[in-house]
Amino acid sequence: MIPLIGLLGCGVVARSDDHTGSGVPLSEPQPSSPITAIRDLSPAQSNGTLVNLQGQVGKQVPFLGSRAYELQDGTGAIWVLTTQQAPAIGTPIVVRGKVRYQQVTVDNQRMREIYLEEQESVVRPSPQPSSP
């Protein structure tokens, strides 16, 4: 289990590889591998469920020999834990990872923190504005 003290307050966490994340390029999601909205992640899912998330990179923090970055998709935000270099803030990205839960105690209150342990990721190019 990975302790998540210090990552509270943003809802959820995950992981990445080379400039794309895990070094293994993430193929375009197939119908059998749909993109999951962050708001749809819940403690009811089994710990370790593999999901695909898509969004933009938010905050970044160093974390016990690895890194964590926040992924935002318009429905919510989740922390992504990675052993690779985190993508730049604002980068559009698709991440495949395992949903993890960590119970933490803050001010004598027990809470469960949801985060994503990145398996692989790919940076999505930003849409280019069309010229007149």
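Among contacts between residues at least 6 apart in sequence, 67% join residues at least 24 apart in this protein. The structure is a predicted model, with zero helices and five strands. From the N terminus on, the order of elements is β-β-β-β-β. The average pLDDT of the protein is 74, and 66% of the residues score at least 70.

**Confidence**

- Over residues 1-32 the pLDDT is below 50, although this stretch has 111 contacts in the model beyond near neighbours in sequence.
- Where pLDDT is low, the predicted coordinates should not be read in detail.
- Among the elements, strand β3 (residues 77-82) has the highest mean pLDDT, at 93.
- The lowest mean among the elements, 84, belongs to strand β5 (residues 109-123).

**Burial and surface**

- Of the 132 residues in the protein, 42% are buried.
- The protein exposes about 7300 Å², and carbon and sulfur atoms supply 51% of this area.
- Strand β3 is mostly covered, with six of its six residues buried.
- Strand β2 is largely enclosed by the rest of the structure, because five of its seven residues are buried.

- Strand β1 (residues 50-63) runs antiparallel to β2, and six bridges join the two.
- Within this pairing, Q56 has Q72 in β2 as its bridge partner.
- The hairpin of β1 and β2 has two residues between the strands, and L64 there takes a positive phi near 40°.
- Strand β2 (residues 66-72) also pairs with β3, again in the antiparallel sense and over six bridges.
- Four residues separate β2 and β3 in their hairpin, where G74 in the turn has a positive phi of about 90°.

**The two faces of β3**

- In a regular strand the side chains alternate between the two faces of the sheet.
- In β3, A77, W79 and L81 point one way.
- I78, V80 and T82 point the other way from β3, and the residues of both sets are all buried.

**Polar contacts around E118**

- E118 lies in strand β5 and has a relative accessibility of 1%, so this residue counts as buried.
- The side chain of E118 makes a polar contact of 2.6 Å with the side chain of Y69.
- A polar contact of 3.5 Å joins the side chain of E118 to that of T82.
- T82 lies in strand β3 and is buried, with a relative accessible area of 0%.
- T82 and A68 are 14 residues apart in sequence, and their C-alpha atoms are 5.9 Å apart in space.
- E118 of β5 therefore counts as buried at 1% relative accessibility while its side chain has polar contacts with Y69 and T82.

**Salt bridges**

- The structure holds three salt bridges.
- One of them joins the side chains of R96 and E120, at 2.4 Å from N to O.
- This pair links distant parts of the chain, with R96 in strand β4 (residues 92-106) and E120 in strand β5, 24 residues apart.
- Both R96 and E120 are buried.
- The side chains of R100 and E117 meet in another salt bridge, at 3.4 Å from N to O.
- R100 lies in strand β4 and E117 in strand β5, so this pair ties together parts that are 17 residues apart in sequence.
- E117 has a relative accessibility of 13% and therefore counts as buried, the cut-off being under 20%.
- A further salt bridge is formed by the side chains of D40 and R39, at 3.8 Å from N to O.
- D40 counts as partly exposed because its relative accessibility is 47%.
- R39 counts as exposed because its relative accessibility is 58%, which lies over the 50% cut-off.

Key
Residues are numbered from 1 along each chain as its sequence is written. This is a predicted model: local features need pLDDT of at least 70, side-chain atom pairs count only at pLDDT 80 or more; totals for chains, interfaces and linings use all residues. Side-chain values use heavy atoms; hydrogens and water are left out. Buried means under 20% relative accessible area, exposed over 50%, partly exposed in between (1.4 Å probe, protein chains only). Contact means heavy atoms within 4.5 Å. Accessible areas come from the Shrake-Rupley method with a 1.4 Å probe; for residues, only the protein chains shown count as cover. pLDDT is the predictor's confidence in each residue, from 0 to 100. A polar contact is a pair of N or O atoms within 3.5 Å; within protein, one must be able to donate a hydrogen and the other to accept it, and residues adjacent in sequence count only if both atoms are side-chain atoms. Two strands pair if DSSP finds at least two bridges between them. A salt bridge is a side-chain nitrogen of Lys or Arg within 4 Å of a carboxyl oxygen of Asp or Glu.
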